[in-house]
Amino acid sequence: MLEALAAVFRAALYAGVLSCVGAVFAARLLRTPELAQVAIPLIRRSAWLVIIASLGGALILVFRLGGYFDAATLSIVFN
C-alpha cells in the first residue's frame with residue numbers, strides 16, 4: 001500500500017516538474033503576451049504540486065522506515 005502511494009507521489013512530482021519546466025521554456029522561447037498569461041498560473045500550480053508531492057514523498061518514506069521521527073530516520077530521509 002505504501003509503495004503504491006509512494007509511486008503516486010513520485011508521478012505527481014515528475015508531472016509537476018515537467019509541466020513547470022515546459023511552461024518556463026515555452027514562455028521564454030515564444031515570448032507572447034497571451035502565453036505569459038497562461039504560463040504564469042501554470043508555473044505557480046506546478047510549483048505547488050512539486051512542493052506537496054515532495055513533502056508527501058518524504059512523509060511516505062518515513063512511514064516506510066518505521067513511522068518514527070527519530071534522529072536516525074530523519075537523517076536517512078533528508079541526507
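Colleague: Hi! Quick one to start: is Ser 46 buried or exposed?
Modeller: Ser 46 counts as buried, because its relative accessibility is 4%. Here buried means under 20% relative accessible area, exposed means over 50%, and partly exposed lies in between, with a 1.4 Å probe and protein chains only. Before we go on, this is a predicted model, where local features need pLDDT of at least 70, side-chain atom pairs count only at pLDDT 80 or more, and totals for chains, interfaces and linings use all residues. Residues are numbered from 1 along each chain as its sequence is written, and side-chain values use heavy atoms, with hydrogens and water left out.

Colleague: Thanks! Where is Ser 46 found?
Modeller: Ser 46 sits in helix α2. Helices are DSSP runs of H or I with at least four residues, strands are E runs of at least two, and both are numbered from the N terminus.

Colleague: And what does the side chain of Ser 46 make a polar contact with?
Modeller: Its partner is the side chain of Ser 19, at 2.8 Å. A polar contact is a pair of N or O atoms within 3.5 Å; within protein, one must be able to donate a hydrogen and the other to accept it, and residues adjacent in sequence count only if both atoms are side-chain atoms.

Colleague: Which residues does Ser 46 touch, not counting those up to four places away in sequence?
Modeller: Those are Gly 16, Ser 19 and Cys 20, where contact means heavy atoms within 4.5 Å.

Colleague: Let's zoom out. How many residues has α2?
Modeller: Helix α2 has 32 residues and reaches 46 Å from first C-alpha to last, close to the expected 46 Å. The expected span is 1.5 Å times one less than the number of residues. Helix α1 has 29 residues and reaches 42 Å, close to the 42 Å expected.

Colleague: Which residues in α2 are buried?
Modeller: Ala 39, Ser 46, Ala 53, Gly 56, Ala 58, Ile 60 and Val 62 are. Their cover includes α1 and α3.

Colleague: And which ones are buried in α1?
Modeller: In α1 they are Ala 6, Gly 16, Cys 20 and Ala 23, and what covers them includes α2.

Colleague: Back to Ala 39, then. What is it in contact with, leaving aside neighbours within four places in sequence?
Modeller: Ala 39 contacts Ala 23 and Ala 27. Ala 39 is at 4% relative accessibility, so it counts as buried. Phe 25 lies in helix α1 and counts as exposed because its relative accessibility is 53%.

Colleague: What about Ala 53, which residues does it touch, not counting those up to four places away in sequence?
Modeller: Ala 53 touches Phe 9, Ala 12 and Leu 13. Its C-alpha is 9.9 Å from that of Ala 15, 38 residues away along the chain.

Colleague: Changing topic: which residues form the nonpolar patch on the surface?
Modeller: Leu 2, Leu 5, Val 8, Leu 59, Phe 63, Phe 69, Leu 74 and Phe 78 form it, with about 730 Å² of accessible area together. Helices α1 (2–30), α2 (33–64) and α3 (71–78) each give two or more residues, and the largest share, 3 residues, comes from α1. Patch residues have over 30% relative accessible area and no salt bridge; nonpolar side chains (Val, Leu, Ile, Met, Phe, Trp, Tyr) are joined within 5 Å, like charges within 9 Å. A salt bridge is a side-chain nitrogen of Lys or Arg within 4 Å of a carboxyl oxygen of Asp or Glu. Accessible areas use the Shrake-Rupley method with a 1.4 Å probe, and for residues only the protein chains shown count as cover.

Colleague: Why does Leu 59 count as partly exposed?
Modeller: Because Leu 59 has 39% relative accessibility.

Colleague: Last one: what does the side chain of Thr 73 make a polar contact with?
Modeller: The side chain of Asp 70, at 2.6 Å. Thr 73 belongs to helix α3, and is buried because its relative accessible area is 8%. Thr 73 also touches Val 62, Leu 65 and Tyr 68, not counting residues up to four places away in sequence.
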